Amino acid sequence: MSNEIKVQIREIGELQIVGKSNTNKREFVGVEVSERESKYENILKFTLMNKNVAKIDKCAVGDIVNVHYDVRGREWKDHIFIDLHAWRIDEIATASDTDKVNEPPQELPPSTTGDDLDGLPF
């Protein structure tokens, strides 16, 4: 099952070598963008495997990305584990771009025409 979601990257993990077959694995954590301002953030951990681990290299903490992922589940010793396996990451905004969006707006210069009584430039 393929899904996609827009998240702001909160954490990027290190490359791990796991299993008997020495599989490459890397995890990253993101906060769903539409939920950043809510009381309870939707925090998701994604897993990149094998050839996909390099897809996070172009990203940094604070970047906003669109993540395409599959939901995978498995059972082990009467426990169910669910993973979000990312397979594509599209960068939307870099951390410096998101800082500019979160900055307070600059004050507008005062109006220079006598007709404008409220000081608005339009």
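This is a predicted model: local features need pLDDT of at least 70, side-chain atom pairs count only at pLDDT 80 or more; totals for chains, interfaces and linings use all residues.
## The largest nonpolar core

The largest nonpolar core has 16 residues, and among them Phe28, Phe46 and Val67 touch the most other members. Two or more residues of this core come from each of strand S1 (2-12), strand S4 (43-49), S5 and strand S6 (79-93).

Apart from neighbours within four places in sequence, Phe46 is in contact with Ile5, Val7, Arg26, Glu27, Phe28, Val67, Tyr69, Leu84 and Ala86.

## Asn66 in strand S5

Strand S5 covers residues 64-76 and includes Asn66. Asn66 has a relative accessibility of 14%, and because buried means under 20%, this residue counts as buried.

The side chain of Asn66 makes a polar contact with the side chain of Glu4, at 2.7 Å. Glu4 is also listed among the contacts of Asn66 once neighbours within four places in sequence are set aside; the others are Ile5, Lys6, Arg88, Ile89, Asp90 and Ile92.

## Val53 in the loop between S4 and S5

Val53 belongs to the loop that runs between S4 and S5. Its relative accessibility is 11%, so Val53 counts as buried.

With neighbours within four places in sequence left out, Val53 is in contact with Leu15, Asn24, Lys25, Arg26 and Leu48. The C-alpha atoms of Val53 and Trp87 are 8.9 Å apart in space, while the two residues are 34 residues apart in sequence.

## Salt bridges

The structure contains six salt bridges. One of them pairs Arg26 with Asp57, with 2.6 Å between the closest N and O atoms. Arg26 is in strand S3 (residues 23-32) and Asp57 is in the loop between S4 and S5, so this pair ties together parts that are 31 residues apart in sequence. Arg26 counts as buried at 16% relative accessibility, whereas Asp57 counts as exposed at 51%.

Glu27 takes part in two salt bridges described here: with the side chain of Lys45 at 3.8 Å, N to O, and with the side chain of Lys25 at 3.5 Å, N to O. Lys45 is partly exposed, with a relative accessible area of 49%, and Lys25 counts as partly exposed at 21% relative accessibility. Through shared partners, salt bridges join Lys25, Glu27 and Lys45 into one network.

Conventions
Residues are numbered from 1 along each chain as its sequence is written. Side-chain values use heavy atoms; hydrogens and water are left out. Helices (H or I, at least four residues) and strands (E, at least two) are DSSP runs, numbered from the N terminus. Buried means under 20% relative accessible area, exposed over 50%, partly exposed in between (1.4 Å probe, protein chains only). A polar contact is a pair of N or O atoms within 3.5 Å; within protein, one must be able to donate a hydrogen and the other to accept it, and residues adjacent in sequence count only if both atoms are side-chain atoms. Contact means heavy atoms within 4.5 Å. A nonpolar core is a set of buried Ala, Val, Leu, Ile, Met, Phe, Trp, Tyr and Cys residues joined through side-chain atoms within 4.5 Å. A salt bridge is a side-chain nitrogen of Lys or Arg within 4 Å of a carboxyl oxygen of Asp or Glu.
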